[in-house]
Amino acid sequence: MQALRQDFPILQRKINGYPLIYFDNAATTQKPRQVIDAITDYYMNHNGNVHRGVHTLSAEATDLYERGRECAVEFINAKSTHELIFTRGTTEAINLVAYSWGMQNLNRGDEVLVTLMEHHSNIVPWELIARSKGATIKYARVNGDGTLDYEDYESKITKNTKICCLSHVSNVTGVINDVKRVGKAAHDNGALMLVDGAQSVPHMKIDVQDLDMDFLAFSGHKMLGPTGIGALFGKEDILEKMPPFQGGGEMIREVSVAGGNCSVSYNELPYKFEAGTPDISGSVGLRAAIKYLEAAGMDKVLSHEKELTEYAAKRMKELQKVTVYGPSDVSKKCGIIPFAVKSMSSHDTALFFDNYGIMLRSGYHCAQPLHELFKLTSSARASFYLYNTKEEIDRFAEILGELEKL
Ligand code: 7TS
């Protein structure tokens, strides 16, 4: 993995006179030259609008946009391009399901099951739609070490549960949830399963068919791709029955206002859910990112991150005033470590590290309920990706040691 570092121009940067150490990968990842070049090439040579017009540039842009979709379909082993809708990211993908599917399928007395470890984007869209439709949200418990209480989750699935929503990997603790087990419990009770894959799709091989997911949401910018593009996978028969999310060009087959009445018929999947000009260069960049990850090998990406996490956890244990949250058994998680330094706010901790060129996240990482459970107002967080190294962790541990002495 060390050799890959040269593909990332930003890693050559110095911040405050120190070599950049980027440990905020759960927020967004850095981009390799291959992704930057693919986007530049698109704008330099192929820019046009998609699915409209017969000219060469429109045809090239359409081809490139759709190649990005095909690549994403293969990456998660969806059955066809009908099942992959481009969105702005995970947040928009979950909102799409909450509004389109929720508007049609949730009614008074129905239940949506989420967990206390969700990112706000897998809570708030459900709260909004549930309030307007009179449905109820139930929250499954999380254990003190950040792992899911599966028994509680399963006991909360009732005949009224319509959809179970769960993050595959927690963005706070890095805990990997058994989505296959939870999905089976949902399906056995006639409910659907939505998986928030923002923190899993970038880090491990995902097979939506093997995991029997009904919906999977993910973001391109967390997997070496550009910001502004992400995707919603949905099983075709479910997407087929859902009404459009937004109206506009692209998503429509025919619009007629003859006789004073507007009649519309919708485009086929996936276009029914892609109103307006899409993020064409985003699809180009996402494809380059997926190709890059595939060449690196998703198994290697995950094992590298686990190795770094184990090493960092060991180094952090040596310190007296540092508390690490989440499971101590590193096999249950991937490359995210939340921590707190005694008597120091997470923002001060992150600012201290910034002085040395080390980028950490601080705050509650859009997952306030989990922080409430940990009785924390905030935490500092280090999160790793394929280009991080043990030497960087040594430096991080050294600075953490300095901080502890203050
Ligand atoms: N779900 C999870 C589990 C996430 O970690 C995030 C972003 C999202 C959804 C939303 O993704 P978006 O691309 O639509 O914004 N998580 C974080 C984070 O941990 N720090 O910054 C963003």
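This is a predicted model: local features need pLDDT of at least 70, side-chain atom pairs count only at pLDDT 80 or more; totals for chains, interfaces and linings use all residues.
1. Domains. The domain assignment of the protein divides the chain into domain 1 (2-30 + 297-405) and domain 2 (35-294). The centres of the two domains, taken over C-alpha atoms, are separated by 28 Å. To the contact between them, domain 1 contributes 37 residues and domain 2 contributes 35 residues.

2. Area between the domains. The size of an interface is often given as the accessible area lost when the parts come together. Here, domain 1 and domain 2 bury about 2900 Å² between them, and 62% of this area is on carbon and sulfur atoms. Of the area that domain 1 buries against domain 2, 21% is supplied by Met298, Leu370 and Tyr385, which is more than any other three residues supply.

3. The largest nonpolar core. In soluble globular proteins, nonpolar side chains tend to be buried together. In this model the largest nonpolar core has 77 residues, and Ile76, Tyr153, Leu216 and Leu386 have the most contacts inside it. Helix H8 (residues 280-296) gives the most to this core, namely nine residues. Because domain 1 (2-30 + 297-405) and domain 2 (35-294) both give residues to the core, it lies between them.

4. Tyrosine 153 and a second core. When residues up to four places away in sequence are not counted, Tyrosine 153 touches Leu113, Val114, Thr115, Ala140, Leu148, Cys164, Cys165, Leu166, Val182 and Met193. A second, separate core has 27 residues, including Leu106, Val114, Ile137 and Cys165.

5. Strand S9. Is strand S9 (residues 215-219) mostly covered or mostly uncovered? The strand is mostly covered, since five of its five residues are buried. In a regular strand the side chains alternate between the two faces of the sheet. In S9, Phe215, Ala217 and Ser219 point one way, while Leu216 and Phe218 point the other way, and all are buried.

6. Partners of S9. Strands of a sheet pair through backbone hydrogen bonds, either parallel or antiparallel. Strand S8 (residues 192-196) runs parallel to S9 and is joined to it by three bridges; valine 195 has leucine 216 in S9 as its bridge partner. Strand S10 (residues 230-234) runs antiparallel to S9, with five bridges between the two. Phenylalanine 215 has glycine 234 in S10 as its bridge partner.

7. A four-stranded sheet. An open sheet of four strands shows antiparallel pairing in the order S13-S14-S17-S16. Strand S13 (322-324) and strand S16 (361-363) stand at the edges with a single partner strand each, so one side of each is left without a neighbour in the sheet. From one strand to the next, the twist averages 30 degrees. S16 pairs with strand S17 (residues 379-383) in the antiparallel sense over three bridges, and arginine 361 stands opposite arginine 381 in S17.

8. Helices across this sheet. Helix H9 (residues 298-317) lies across S13 and strand S14 (336-341) and runs at about 15 degrees to S14. Helix H12 (residues 390-405) lies across S13, S14 and S17, also running at about 15 degrees to S14.

9. Threonine 389. Where is threonine 389 found? It is in the loop between S17 and H12. Its relative accessible area is 7%, so threonine 389 is buried, the limit for that term being under 20%. Apart from neighbours within four places in sequence, threonine 389 is in contact with Gln2, Arg5 and Leu308.

Note on methods: Residues are numbered from 1 along each chain as its sequence is written. Side-chain values use heavy atoms; hydrogens and water are left out. A nonpolar core is a set of buried Ala, Val, Leu, Ile, Met, Phe, Trp, Tyr and Cys residues joined through side-chain atoms within 4.5 Å. Buried means under 20% relative accessible area, exposed over 50%, partly exposed in between (1.4 Å probe, protein chains only). Domain bounds come from an automatic or database domain assignment. Contact means heavy atoms within 4.5 Å. Two strands pair if DSSP finds at least two bridges between them. Axes are lines fitted to C-alpha atoms, for helices over the stretch in contact, and angles run from 0 to 180 degrees between N-to-C directions. Buried area is the accessible area (1.4 Å probe) that two parts lose on being put together, summed over both.
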